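Take a walk through this structure, one region at a time. Keep the sequence and the 3D view side by side.

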Amino acid sequence: MNEMLRQTPMSFFRYAYESFPWESQLSGLVGPRGIGKSTMLRQYILRHRDEGKFLYVSADHTYFSNHSLAALADDFVVEGGTHLVIDEIHKYKGWSRELKQIYDIYPKLRVTFSGSSVLDILKGEADLSRRAVVMTMQGLSFREYLEFDHHIVMPCLDLEQILSHTLVIEPDFHPMPYFRDYLSSGYYPFHNIDNFDVRMQQVVSQTTETDIPLFAGMNAATGRKLKQMLSVISRLAPYKPNFENLATELGVSKNNVPDYLSYLEKGGMIGMLRDDTRGMCSLGKVEKVYIDNPALMTVLSDNKPDIGNLRETFFYNQTRVVLPVSSSRESDFRIGNRTFEIGGAGKGKRQLAGTDDGWVVRDNIETGFDRFLPLWEFGLLY
């Protein structure tokens, strides 16, 4: 634990750090691979280790090949432990049952865990819905990237501030060069390491061939089908899902396709844009399937993404974290009663004719005016 803590940077904290329920008896942080969950857990220990006795463990450690989490908690409490932090909980068989046991036996022990976003924490073998407070974290926003990589501090804006053109940027700050870099790789905190593309391919392989099959009880062959499905979608996205065609191309049952898409979405590989219908089910019909984020899209397209698709992917990826985004019959996206059309610097209002509250989101402009909004500003929402 001490060696891991020594390697933990303390110069930058993710957007979720302040709002995470650290003092809950049982709290969980889930999200896609590679976005900084482990770092955030260790940062909390470093900031608060004088307030209790902490233990940080990774659930995939060989120690757990012949020891249980529950027994570890027993020993830790006997030694005066107050805060148990468990990383990679999804790699421990029977995780939910033992977390429930620890929660029920030791009400004064604070347990914090992290896991893959594929993992449905509230639907494990034991009922944790009334016990665990779980937060989902996404990758770096453009605002976070500016601070993390370039020490440029920008305010966090809400939608109303973007629509009213309240942001005033410094005369010598030109966001577009930074924005281009962000679109190519900036969503992931490890983007500045060597061989980023290789690391990203490892993230894709581990998510599709290990994380999802481990949770869903799939065999290795099915895991490879998931990776193949992602490859197909990456060539077509934004993709209007046709389950029958997709099943034929992959050589799988049509009935399995919705489940496969759902797992890829939970794993941070794709994003599914739904319509705004409401009823007994809170989720509407899937209208488009996107690659999850611009960096992943760039890697999957061999660094040659379609710029129009990349713009839409960025807008959906950033807005969905804090806003209810759905498809629009008139334009690209709907947020509440407003519609948003995404395009380049010359994009006009033609497609918004007849809409009550339509907006054009333009790439390659620094500031907004009238009904035109700069695309990059939507990266300041979190």
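What follows moves from the paired strands to the nonpolar cores and then to the salt bridges.

The model is predicted. Start at strand S3, residues 83-87. This strand is mostly covered, with five of its five residues buried. Its side chains point two ways. His 83, Val 85 and Asp 87 point one way, while Leu 84 and Ile 86 point the other way. Both sets are buried.

Now look at the neighbours of S3. Strand S2, residues 54-58, runs parallel to S3, and five bridges join the two. Across this pairing, Ser 58 stands opposite Asp 87. Between S2 and S3, the chain passes through helix H3, residues 69-78. This β-α-β crossover is right-handed.

S3 also pairs with S4. Four bridges join them, and again the strands run parallel. Ile 86 has Phe 113 in S4 as its bridge partner. To get from S3 to S4, the chain goes through helix H4, and this β-α-β crossover is right-handed too.

Next come the nonpolar cores. In soluble globular proteins, nonpolar side chains tend to be buried together. In this model, the largest nonpolar core has 89 residues. Which residues have the most contacts inside it? They are Phe 340, Trp 376 and Phe 378. Take Phe 340 and look around it. Leaving aside residues up to four places away in sequence, Phe 340 touches a list of residues that includes Leu 159, Leu 163, Phe 315, Trp 359, Val 361, Leu 373 and Phe 378. Its contacts also include Ser 331 and Asp 332.

Turn now to charged side chains. The whole structure holds 21 salt bridges. One of them joins Asp 104 and Arg 131, at 3.3 Å from N to O. The pair links distant parts of the chain, 27 residues apart. Asp 104 sits in helix H4, residues 95-105, and Arg 131 in the loop between strand S4 (110-116) and strand S5 (133-136). Are the two partners buried or exposed? Asp 104 is partly exposed, at 39% relative accessible area. Arg 131 counts as buried because its relative accessibility is 14%, under the 20% limit.

Glu 265 and Arg 274 form another salt bridge, also 3.3 Å from N to O. Glu 265 is partly exposed at 23%, whereas Arg 274 is buried at 16%.

Finish at Asp 357. This residue forms a salt bridge with Arg 371, with the closest N and O atoms 2.8 Å apart. Asp 357 lies in the loop between strand S10 (338-343) and strand S11 (358-362), and Arg 371 in the loop between S11 and strand S12 (372-374), so the pair ties together parts that are 14 residues apart in sequence. Arg 371 counts as partly exposed, at 29% relative accessibility.

Arg 338 is 19 residues from Asp 357 along the chain, yet their C-alpha atoms are separated by 5.0 Å. A polar contact of 3.2 Å joins their side chains. Beyond residues up to four places away in sequence, Asp 357 touches Asn 337, Arg 338, Thr 339 and Arg 371.

Conventions
Residues are numbered from 1 along each chain as its sequence is written. This is a predicted model: local features need pLDDT of at least 70, side-chain atom pairs count only at pLDDT 80 or more; totals for chains, interfaces and linings use all residues. Side-chain values use heavy atoms; hydrogens and water are left out. A salt bridge is a side-chain nitrogen of Lys or Arg within 4 Å of a carboxyl oxygen of Asp or Glu. Buried means under 20% relative accessible area, exposed over 50%, partly exposed in between (1.4 Å probe, protein chains only). Contact means heavy atoms within 4.5 Å. A polar contact is a pair of N or O atoms within 3.5 Å; within protein, one must be able to donate a hydrogen and the other to accept it, and residues adjacent in sequence count only if both atoms are side-chain atoms. A nonpolar core is a set of buried Ala, Val, Leu, Ile, Met, Phe, Trp, Tyr and Cys residues joined through side-chain atoms within 4.5 Å. Two strands pair if DSSP finds at least two bridges between them. A crossover is right-handed if, with the strands pointing away from the viewer, the path from the first strand over the helix to the second runs clockwise.
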